[in-house]
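Open the model in your viewer and keep the selection tool at hand. The stops below go through the spaces inside the protein and the ligand.

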Amino acid sequence: MIDPRQTGWWRDAVIYQIYPRSFSDSNGDGIGDLPGITSRLDHIHHLGVDALWLSPFYPSPQRDGGYDVADYRDVDPQFGTLADFDRLTDRAHALGIRVIVDLVPNHCSSDHPAFQAALAAASGSPQRALFHFRDGLGANGELPPNDWPCMFEGPAWTRVTEPHGTAGQWYLHLFDPSQPDWNWDNQAVREDFESTLRFWLDRNVDGFRVDVCDALVKADGLPDWPHPTHGVVEPIDGRMPPMWDQEGIHDIFRSWRRVLDSYEGSRILCAEAWLPSERTARIVRPDEMNQAFNFAYLEQRWNAVEIRSIIVSSLQANDLVGAPTTWVLSNHDVMRHASRFGYDGPVALEGGVGAEDPQPDRALGLRRARAATAMMLALPGSAYLYQGEELGLPEVTDLPDDVRQDPVWERSGHRIRGRDGCRVPLPWEAKKSSFGFSSVSSSHTWLPQPDYFGTYSRDSQNDDPESTLRLYRRALEIRRTLTGPIMWDESAADGTIAFSRGDLNVLANVNGEPAALPEGTSVILSSSPFVEEVSHVPPNTTVWYRSEKARRSA
Ligand code: TEU
Ligand code: CA
């Protein structure tokens, strides 16, 4: 029998992330929605991706952009209805595009009926046992139960007012206070999430992207941890922090795998976990998830030695467990790579940039971003794209502070601006109001679009052979023909990365001198305008080429 894990569609898929609020608005309220997505699926199809991943569209007070779910089995009215979801999925499937939805199992919204019931119930009740409620420390319970920080600043605990009006217990929230953590030691929580998986599998989804999956199980006794807990965290004295990557998470993933495998077709689980590669690889062992985001790759600086070494270590870690390596440069949580690479120094991935801060070099950033993407799309494994990167869209680094919505902005006392800059509604048509984001004429969008967004609009890039959109389309088309493992060219000059896959050669000049191409080659893709007669690849440029001989015999 053929092992589906070795042949599945997802092993070399390109998966396109849609952030529903910001993709396309069908009714003119300035907020993207499901019918808006459906109406634009032809564009996604034309781009040439294999699957969509939809960030949360579930009922939610939107205190963390929908990652605060109040009902896991419905659609928020501002995004549409379940019938709209079915239409979206049917249309995508008809176009040969799979649909992946977001599962947010670590926490729900404080509006979730189960949490509201827990607040109304007594300390020690079964309702509270679905979450992590604890008495506080100190003489009157006035101190949080442990020293864990919240990812959005401040302590990871909030004290509740008991129904009779006195200050009471505390509950745990690794993220915003409006996002209480579920207690995964409780069987009822496990059963409820299995029902949620089945609910969406029954509606024909092809898989789940699993939000902060490494946080589900907390170490027994919730011990203090006086070390860093943010970003990619390393073990200390062989121990992971008590809120991340505890051994118990793997049994949960195995039980989900069994649920998915009981359905027809090949449905996938994709892990979101900011862990070192060797730890992430344990989540994609054969009976667990299918793949995991490669955040080490996303965190790379623009430096050939660093990039190459991350590619090598990622491939090694995943090969050991037989999982495909994934590649990602942008998502809804980090500064878009077209802007990140426009800075020469280190960049705070999630910190945000204000109008008064140093601004990125937009042209340089885009040139490097195109080179980085062209390299990424030639690598073996699957790749994740974030809506708008195919337009070369920059981070909006000059948003007015008073429109910011990321909860970290308020919680940090206006110190950390957060992630709104990569979530600004997309430009579709240069000449229309809201650049075509709303199909109904209206210029209001939930985050304001800067004037310069028009120059990135999809319609203006369609007919321009040098556009970023055309580069993505061409790369995705050729990518389908690539097979085989990566073969490194060890003779690559300093500052460059060179490898081949089958008869395709890739030369990425990251930060080297202009790099000579071998004689008798034909360039089939170049990330920057490149005259074929010119035999040297300039810095910040990636080219794909074949030898003339290979081309003639093809
Ligand atoms: O993000 C999870 C997450 O852990 C990081 O982005 C986190 O902020 C980082 O590790 C800090 O170093 C997911 C979602 O993608 C994000 O949008 C949500 O805000 C978050 O979970 C909470 O649900
Ligand atoms: Ca709308």
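Select helix H12 (362-376): H12 gives the largest share of the lining of the second largest cavity, 4 residues. A helix here is a DSSP run of H or I with at least four residues, numbered from the N terminus. A cavity is found on a 1 Å grid over the protein atoms alone, as a set of points where a 1.4 Å probe fits but cannot get out; lining residues have an atom within 4 Å of a point. This is a predicted model, in which local features need pLDDT of at least 70 and side-chain atom pairs count only at pLDDT 80 or more, while totals for chains, interfaces and linings use all residues; side-chain values use heavy atoms, without hydrogens and water. Residues are numbered from 1 along each chain as its sequence is written, and chains are lettered from A and ligands numbered from 1 in the order in which they are written.

Stay at this cavity. About 60 Å³ of space lies in the second largest cavity, where a volume is the space filled by probe spheres set on the grid points, joined across faces, edges and corners. Select His337, Ala338, Ala369, Glu389 and Gly392, the closest to its centre of the 13 lining residues. Besides H12, helix H11 (337-340) and helix H15 (468-479) give two or more residues each to this lining. By class, the lining has 5 nonpolar, 5 polar and 3 charged residues. Ala, Val, Leu, Ile, Met, Phe, Trp, Tyr, Cys and Pro count as nonpolar, Asp, Glu, Lys and Arg as charged, and the others, Gly among them, as polar.

Next, select Ser277, Thr280, Phe293, Asn294 and Asn318. Of 14 lining residues, these lie nearest the centre of the largest cavity, which has a volume of about 110 Å³. Helix H8 (277-281) and helix H9 (295-298) each supply at least two residues of its lining, and the largest share, 3 residues, comes from H8. Which classes make up this lining? It divides into 8 nonpolar, 6 polar and no charged residues.

Now move to the largest pocket, with about 660 Å³ of space. A pocket is an open set of points with protein on both sides within 12 Å along at least five of seven lines. Select Met151, Phe152, Phe175, His230 and Glu350, the closest to its centre of the 31 residues that line the pocket.

Ligand 1 sits in the largest pocket, meaning that more than half of its atoms lie within 2 Å of the pocket's grid points. Of the 19 residues around ligand 1, Asp64, His107, Asp211, Gly231 and Asp333 come nearest; a residue counts if one of its heavy atoms lies within 4 Å.

Last, select Asp64: an N or O atom in its side chain is 2.6 Å from an oxygen atom of ligand 1. A polar side-chain atom of His332 lies 2.9 Å from an oxygen atom of ligand 1.

Methods. A polar contact is a pair of N or O atoms within 3.5 Å; within protein, one must be able to donate a hydrogen and the other to accept it, and residues adjacent in sequence count only if both atoms are side-chain atoms.
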